[in-house]
Amino acid sequence: MAQAFDVVVIGAGPGGYIAAIRAAQLGFKVACIDEWKNAAGGPAPGGTCTNVGCIPSKALLQSSEHFEHAEHHFADHGISTGTVKMDVAKMIARKDAIVKQNNDGILYLFKKNKVTFFHGRGSFVKAVDGGYEIAVAGDTPATLVGKQVVVATGSNARALPGVPFDEDKVLSNDGALRMGAVPKKLAIIGSGVIGLEMGSVWRRLGAEVTILEGMPTFLAAVDEQIAKEAKKAFDKQGLKIELGVKVGEIKTGKKGVSIAYTTAKGEAATLDADRLIVSIGRVPNTNGLNAQAVGLQLDERGAIVVDDECRTNLPGVWAVGDVVRGPMLAHKAEEEGVAVAERIAGQHGHVNFNTIPWVIYTSPEIAWVGQTEQQLKAAGRAYKAGTFPFLANGRARALGDTTGMVKFLADAATDEILGVHIVGPMASELIAEAVVAMEFRASAEDIARICHAHPSLSEATKEAALAVDKRTLNF
Ligand code: FAD
Ligand code: NAI
C-alpha cells in the first residue's frame, strides 16, 4: 500500500534536506529519501557536503592550519612548543565525529519538523493520478506517492577517462579526506577548489604537493588581480602548481602513481607520487533515479533540465542543487530548496544568482561575489576599482596575517557595487557584508559611510570602498 505525501524529496544533501524542512514548515506532509550510509551502514543524511565535502574538508583545514601555526608561527608570539607532532588518525577521527554530529543534527531536524525520513534509494516508478509513485529500496523499503517531487540527488566526482577512483592510490574527494597517513609525495590533477583546499591540508602536514592544471591561467574564474595574489602566496608556501599541462598516461602500482604529462612548453615529463587526487570537477548524479520511467529530461551533461525556478519538464517535479545548472555550491542548493518549497506553497521563492558568494578556504582565503574586472571589461561596462591591502589593516597585523587585499568594483556612473573580491584572512566571513550590500543594490559610497568596528578586518572592506573614489584614509 503506497504512503501518500504532499511532497517527496529525493536526496538529503543541502538542497534536499532544506527543501524538506521548509516544505514541512509550510504545512505540507513531507517525506525525504536518502541512501547515504555511514561506516556502520546506518543513515548519514547531509549529502556530499556533510559527508565528504564542505564540513569534513573544513575540519581538516582547521586541524592542519593549527599544526602549521604551532610549527611555524607560534614562535613569533614567544610560544615555544618543542617538536610539534600530528596524529593523523586522531585528526581524521575528529573530522568523522564532526560529520556524525551533522548527520545526527539533520535526523533531529527531520523529527522536529515532522519530515518522514526513508533510508534507501528512491526511484521513479510511474506517474499516477495527481502525482508520482516513488519506490524506496534499502533499509526502509516502501512505496510512496508524492503530489510534488523534489529531486536533489547531487553530484559525483568526475574521473579521468580510463583512470577509475580506487580510493587508495587514485583518490576522489572521498579518499582525499580519509588518508591514514601523510603521503611523502602527493600529486593532484586540477587546481580548482578541491585541489587547492586538499593540497593545502596535506602540504601543511608535510606532504610534497604538486598540482597539475590543464588551463594556462590560474583560477581563471577568479578576478585576475586576486588570483595572482593568491598564486604568489601558494608559491611561497611551497604548493607547486604547474599550469597549462596535458595529462597523459597514468600508471598505478604498489608503490604509488606515475603520471606522464606534457608541460606548457611542450616537453614530456613524469610526476611520481605516493598518491594522486583527481579533482577535475563534478558530474550531476541521477544514478538509480529511473528518470526515464517518467520521461524526466536530462541535458547532455546528465543534469536535470530546469527553468529559472527549478521546474523540470514534468508538472509537479522540481530539481535543485548540484543535479541542475549553476554553481555546485551548498548554499546555492539550499537557497533553491527553500525557493522550491515556497513555490509549491504558492509563494514567491527567490534565488538571486548574481549575489551567490564563492569561497575557497585556503590560507589566504579567497572569496568573491558579483563580477570580476575581466568580466566587466569584456562586457564593456564602465567601472571604478578600489583596493585596500591587509598590510595596512591594524587587526591583520595583530593577527600576524597581512597577506592579500579587498577589492571593490563599482559602476562608473551610479557607484553601484558590481563585484567584491577578497584574498586574505577570514575572507569567508568578510564577504557576507558585500553580499548584503549587493543584495540591497548598495553603492560603494554606502559601505564607505558605514561605521566599522576598530580594529577589525572589516575596516579593509570599508577602506576598499573608499578606494573606489581614491580616498582611503589608512593607505
Ligand atoms: P548532495 O550534497 O550531493 O546530496 C545528494 C544526496 O542525494 C546524497 O546524500 C545522495 O546519497 C542522495 N541520493 C542521490 N541519489 C539518490 C537516490 N536515487 N535515492 C536516494 N538518495 C539519493 N560547497 C560549498 O558551498 N562550500 C564548501 O566549502 C564546499 N566544499 C566542498 C568540498 C568538497 C571536497 C566537495 C566535493 C564539495 C564541496 N562543496 C562545497 C560542494 C557541495 O558539497 C555541493 O554543492 C552540495 O553538497 C550540493 O548539494 P546537493 O543537495 O545538491 O547534493
Ligand atoms: P573545479 O571545477 O573547481 O576545478 C577543476 C579544475 O580541474 C579546473 O581548474 C580545470 O581546469 C582542471 N581540469 C579539468 N580537467 C583537467 C585535466 N584533464 N587535466 C588537468 N586539469 C584539469 O572542480 P573541483 O575542484 O573538482 O571541485 C568541484 C566543485 O565542488 C567545485 O567547482 C565547487 O563547485 C565545489 N567545491 C566547492 C568548495 C567551496 O565552496 N569551498 C570546495 C570544494 C569543492
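Biologist: Which of the 23 residues around ligand 2 come nearest?

Modeller: Gly190, Gly192, Ile194, Gly214 and Met328; a residue counts as near if its C-beta atom, placed from the backbone, lies within 6 Å of the molecule. This is a predicted model, in which local features need pLDDT of at least 70 and side-chain atom pairs count only at pLDDT 80 or more, while totals for chains, interfaces and linings use all residues. Residues are numbered from 1 along each chain as its sequence is written, chains are lettered from A, and ligands are numbered from 1 in the order in which they are written.

Biologist: Which element gives the largest share of the shell around ligand 2?

Modeller: H6 does, with four residues. Helix H6 (193-204) and strand E17 (358-360) each supply at least two.

Biologist: Which residues come nearest to ligand 1?

Modeller: Of the 37 around ligand 1, they are Gly11, Gly13, Gly47, Gly154 and Gly321. Elements giving two or more residues to this shell include helix H1 (14-25), strand E2 (30-34) and helix H8 (330-344).

Biologist: How do you know that the span of helix H11 is close to the one expected?

Modeller: Helix H11 (residues 427-439) has 13 residues and reaches 18 Å from first C-alpha to last, against an expected 18 Å, which is 1.5 Å times one less than the number of residues.

Biologist: What makes the buried residues of H11 line one face?

Modeller: Seen down the axis of H11, they fall within an arc of 145 degrees, so they line one face of the helix. Among them are Leu430, Ile431 and Met438, buried meaning that 20 or more other C-beta atoms lie within 10 Å of a residue's own.

Conventions
Buried ≥ 20, exposed ≤ 12 C-beta atoms within 10 Å, placed from the backbone. Arc of directions from axis to C-beta.
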